Amino acid sequence: MIRKGRIVFAVALTTLGLGLTACNNGDSEAVGRESPSASAPASPAPSSESPSTEPSDDASTAPGGDVAAPGTKLKVGDRAVVPFKYGTSKEGTVAVTVTAIEKGAQADMAPFGDKAKGMTPYYIRMKVENVGGTDLSYSSLRLRGKLAGGAPTGVILIGDLPGECDSETAPRDFTTKGASYETCSLSATKTDPITVASFEEGDAYSDSPVLWTS
């Protein structure tokens with residue numbers, strides 16, 4: 001199932017609470033494609049701290065099936081095992097392997113109007129594996145793009161670019177240990193390149209995310 005919700009841009013250094021407004025030069029304006037959905041989900045605000053993407057002696061590299069500690073720093077291609085909760089009833093452990101942080105073309109953003117002008121999309125491609133063997137069917141996992149050093153991009157996107165970066169949900173049989181699927185998280189920037197993918201889901205990782213650097 002491909003999520004085709006509204007794509008919203010928040011062009012600012014901080015995130016608005018609901019993630020439904022685009023801020024630029026003091027003006028507030030919602031931007032996105034028409035969608036049958038009534039509303040878009042809220043996006044969590046980025047941490048005020050900017051975690052370093054440089055390796056440190058304290059960072060766990062989560063070898064084998066060990067759960068990655070908050071603040072783990074990895075490279076694209078590395079696998080991290082993390083706890084995962086979706087909604088109120090689905091909970092388990094997954095392994096995430098970021099396979100690419102791919103730069104798109106500014107022209108790809110054209111369908112989303114004038115607010116997208118000057119934005120460069122980045123496609124965070126990943127493989128997600130069910131490690132715990134619990135029922136995580138139809139769940140979805142998102143990684144956020146960050147600038148070098150872990151700084152926020154100032155742009156919030158909710159949705160995908162069909163054909164370029166498809167945000168897939170887990171298949172129906174994503175219920176057993178070893179089941180896997182591939183998906184893509186869309187990010188964009190008007191400034192520096194996106195070189196970091198960030199896992200921020202759950203209280204333990206919201207302030208100290210797992211980071212993959214290209």
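Predicted model: local features only at pLDDT ≥ 70, side-chain atom pairs only at ≥ 80, totals over all residues.
**Aromatic pairs, a sheet and salt bridges**

The structure holds three aromatic pairs.

One of the three pairs is formed by F174 and Y181, whose ring centres lie 5.1 Å apart with 90° between the planes, an edge-to-face arrangement. F174 has a relative accessibility of 1% and so counts as buried. Y181, at 8%, counts as buried too. Another edge-to-face pair joins F199 and Y205, with 5.4 Å from centre to centre and 75° between the planes. Both partners are again on the buried side of the cut-off, which is under 20% relative accessible area: F199 has 0%, and Y205 has 4%.

Next comes a sheet. Strands of a sheet pair through backbone hydrogen bonds, either parallel or antiparallel. Here, an open sheet of four strands has the order β4-β5-β6-β8, and its pairing is antiparallel. Strands β4 (79-86) and β8 (180-189) stand at the edges; each has a single partner strand, so one side of each is left without a neighbour in the sheet. On average, neighbouring strands of this sheet are turned by 40° against each other, direction ignored. The antiparallel strands β4 and β5 (residues 90-103) are joined by eight bridges. K85 stands opposite E91 in β5.

Charged side chains provide another kind of contact. Side chains of opposite charge can pair when their charged atoms come close. A search of the whole structure finds six salt bridges. One of them is between E129 and R79, at 3.0 Å from N to O. Because E129 lies in strand β6 (residues 120-130) and R79 in strand β4, this pair ties together parts that are 50 residues apart in sequence. E129 is buried, with a relative accessible area of 16%, whereas R79, at 33%, counts as partly exposed.

R144 and E200 also form a salt bridge, their closest N and O atoms being 3.8 Å apart. This pair links distant parts of the chain, 56 residues apart: R144 is in strand β7 (residues 144-147), and E200 is in the loop between β9 (194-199) and α1 (203-206). R144 counts as buried at 16% relative accessibility, and E200 is buried at 13%. R144 and E200 belong, with K146, to a network of salt bridges.

Where does the salt bridge between K117 and D114 place its closest N and O atoms? They are 3.4 Å apart. K117 and D114 are both exposed.

Methods. Residues numbered from 1 in each chain as written. Heavy atoms only, no water. Pairing = 2+ DSSP bridges. Helix = DSSP H or I, 4+ residues; strand = E, 2+ residues; numbered from the N terminus. Axes fitted to C-alpha atoms, helices over the stretch in contact; angles between N-to-C directions. Phe/Tyr/Trp six-rings, centres within 6.5 Å; stacked < 30°, edge-to-face > 60°. Buried < 20%, exposed > 50% of the residue type's maximum accessible area, 1.4 Å probe, protein only. Salt bridge = Lys/Arg side-chain N within 4 Å of Asp/Glu carboxyl O.
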